[in-house]
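Q: Could we go through this structure together? Please begin with the terms, then turn to the details.

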Amino acid sequence: MAICLMAASCGLVFGYHVGVAGGVTQMESFLNKFFPEVVSGMKSAKRDAYCMYDNQLLTAFTSSMYIGSSLSSLVASRVTMASRVTRRVGRQSVMLIGGVLFLFGSIINAGAVTVSMLIMGQMLLGFGVGFTTQAAPLYLAETSPPRWRGAFTIAYHIFVCIGSVIANMVNYLTNSMPYWGWRISLGVAAIPAIIIIVGALLVTDSPSSLVLRGEPDKARVSLQHIRGSDANIEAEFKDIVCAVEEACQNEQGAFKRLCNKRYRPYAVMMVAIPVFFQLTGMIVVFVLAPVLFRTVGFSSQKAILGSAIVNLVTLCAVITSTFVVDRYGRRSLFLIGGISMIIFQVAVSWILAEHLGKHNAVTMARSYAMAVLVLMCLYTFSLGLSWDSLKWVILSEIHPVETRSVGQAISMTIAFVLYFIQAQVFTTLLCNLKFGIFLFFAGWVLAMTAFIVVLLPETKGVPLEAMRAVWARHWYWKRFFLQDINKHDLSSTG
């Protein structure tokens, strides 16, 4: 269990960096040091409340991390060279590399004296994110006990949420410190990075990774160590060897398979799920919530506190999702979450349209600002219950074994690229669309909810090896499986 928790803690560092960036970018000590023009604009009597933070260099501080994540995710994936990287060094070493990159990135950020140093530190953090988000979930799946595998895999995402909550708490404590409070917020990330480095040095590599690298004896010792000295591991070890052999046989040409008509349903979902998730408006929740709350009139300190509350609600929603997803099914949670998000986003848009910047006031009345916070919490709970929790569950379930690794890698790379784009353009969209930005997101949520209703079959309780049959029975996707069905019928009659 300790080994699995160490791997899941990689999510803690990711969540911390996602959460800390949004808070730091609205700290006056940070802005005075690197972006004094933003502070001048905030104090201007003619300023537009929606445009206070519309500065491309400022948003580059936040978004640059995702550029690094995208690049390292490609390197660590099977699309380019990741299978070679993983095969040569293993999951354990990849997590160690990620921890070292986290540490150096945190140190550079905390000691930054120029914007270039900040972006360099963020890029290093991004490289660490890309490596650990590839290795940690795989390590969890390969080392956790079979009956707890789902819980431990979801634990990675729970740790991401916990990291975001901790980041907001640290920001809240350091925001009132003049001149150097932001340095503490960025530098504290070195603590979990050190924990990951030490943990990666102490734990054993996963048995599957060792078998993949041609070290079956070490793999057997590793499995015995993980399961305990009294456990009978022979059956499980044989299953691991067979699974690795099958994966090696199917590894070649996995990307080309996804271009084949027979794999069209998986290819569509592989792209659609991460794209739709980015268009739910999640960037407001996970990265730029403090900026939104400053826009509607909260003080810097209260904006960070509001962001902490929102992230705590997200954590509660994700934990709730783990208990209900296998009872009520994936489609039900998607539908409930989608409808709820639309209602709350439209409500936020209406309040902003009617009360922000009206009657010569730059902000809005306190009661309406609190209403925005409450609605954002309700929206966040709906998001955490559905898309935020289910995006990787669906992607890990639907793929057949021969395309599972490549499909996950491509989806992750798409997600990081879209993270970068959204983080870079959100403040500009807010400045230009104003209250309409929430209507923009609500429109996309409506479209993706319709997509789920029409094109996603229910996968609750379906064994992975039987997943292809679920798609073959779907009213639309079955046309891509007719050839397999005909071959099966011919072999049955023969």
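A: One definition comes first: buried means under 20% relative accessible area, exposed means over 50%, and partly exposed lies in between, with a 1.4 Å probe and protein chains only. Please note that this is a predicted model, in which local features need pLDDT of at least 70 and side-chain atom pairs count only at pLDDT 80 or more, while totals for chains, interfaces and linings use all residues. Residues are numbered from 1 along each chain as its sequence is written, and side-chain values use heavy atoms, with hydrogens and water left out.

Q: Is Lys 478 buried, exposed or partly exposed?
A: Lys 478 has a relative accessible area of 39%, so Lys 478 is partly exposed. This residue sits in the loop between helix 24 (467-472) and helix 25 (482-493). Helices here are DSSP runs of H or I with at least four residues, strands are runs of E with at least two, and both are numbered from the N terminus.

Q: Which residues form the positive surface patch?
A: Lys 261, Arg 264, Lys 478 and Arg 479 form it. Patches are made of residues with over 30% relative accessible area and no salt bridge; like charges are joined within 9 Å, and nonpolar side chains (Val, Leu, Ile, Met, Phe, Trp, Tyr) within 5 Å. Lys and Arg count as positive and Asp and Glu as negative, whereas His and the chain ends are not counted. The place of a charge is taken as NZ of Lys, CZ of Arg, CG of Asp or CD of Glu.

Q: And which residues form the nonpolar patch on the surface?
A: That patch consists of Ile 194, Val 198, Leu 201 and Leu 202, which together have about 410 Å² of accessible area. Accessible areas come from the Shrake-Rupley method with a 1.4 Å probe, and for residues only the protein chains shown count as cover. Ile 194 belongs to helix 10 (residues 190-202) and is partly exposed because its relative accessibility is 43%.

Q: Changing topic: how many salt bridges does the structure hold?
A: The structure holds two, a salt bridge being a side-chain nitrogen of Lys or Arg within 4 Å of a carboxyl oxygen of Asp or Glu. One of them joins the side chains of Arg 220 and Glu 234 at 2.8 Å, N to O. Arg 220 is in helix 12 (residues 216-227) and Glu 234 in helix 13 (residues 234-251), so this pair ties together parts that are 14 residues apart in sequence. Arg 220 is partly exposed at 32%, and Glu 234 is partly exposed at 37%.

Q: What about Asp 388 and Lys 391?
A: Their side chains meet in a salt bridge of 3.0 Å, N to O. Asp 388 and Lys 391 are about one helical turn apart because they are three residues apart in helix 21 (residues 387-398). Both Asp 388 and Lys 391 are buried.

Q: Where does Phe 14 lie, and what is it in contact with?
A: Phe 14 lies in helix 2 (residues 10-24), and at 9% relative accessibility it counts as buried. Contact means heavy atoms within 4.5 Å. Apart from neighbours within four places in sequence, Phe 14 is in contact with Met 65, Val 129, Thr 133, Tyr 156, Val 160 and Phe 416. The C-alpha atoms of Phe 14 and Val 160 are 6.1 Å apart, although 146 residues separate the two along the chain.

Q: Which residues does Ser 29 touch?
A: Ser 29 touches Met 177, Tyr 179 and Trp 182, leaving out residues up to four places away in sequence. Ser 29 itself is in helix 3 (residues 28-34) and is buried, with a relative accessible area of 14%.

Q: Is Tyr 179 buried or exposed?
A: Tyr 179 is exposed, with a relative accessible area of 69%. It lies in the loop between helix 8 and helix 9 (181-187), and its phi is positive, about 75°, although Tyr 179 is not a glycine.

Q: Where does Lys 434 lie?
A: Lys 434 is in the loop between helix 22 (404-433) and helix 23 (436-455). Lys 434 has a positive phi of about 55° although it is not a glycine, and it counts as partly exposed at 26% relative accessibility.

Q: Finally, how many helices and strands are in the protein chain?
A: The protein chain has 25 helices and zero strands. Of its 494 residues, 55% count as buried. Among contacts with a separation of 6 or more, 79% are between residues 24 or more positions apart. The accessible surface comes to about 20600 Å², of which 66% belongs to carbon and sulfur atoms.
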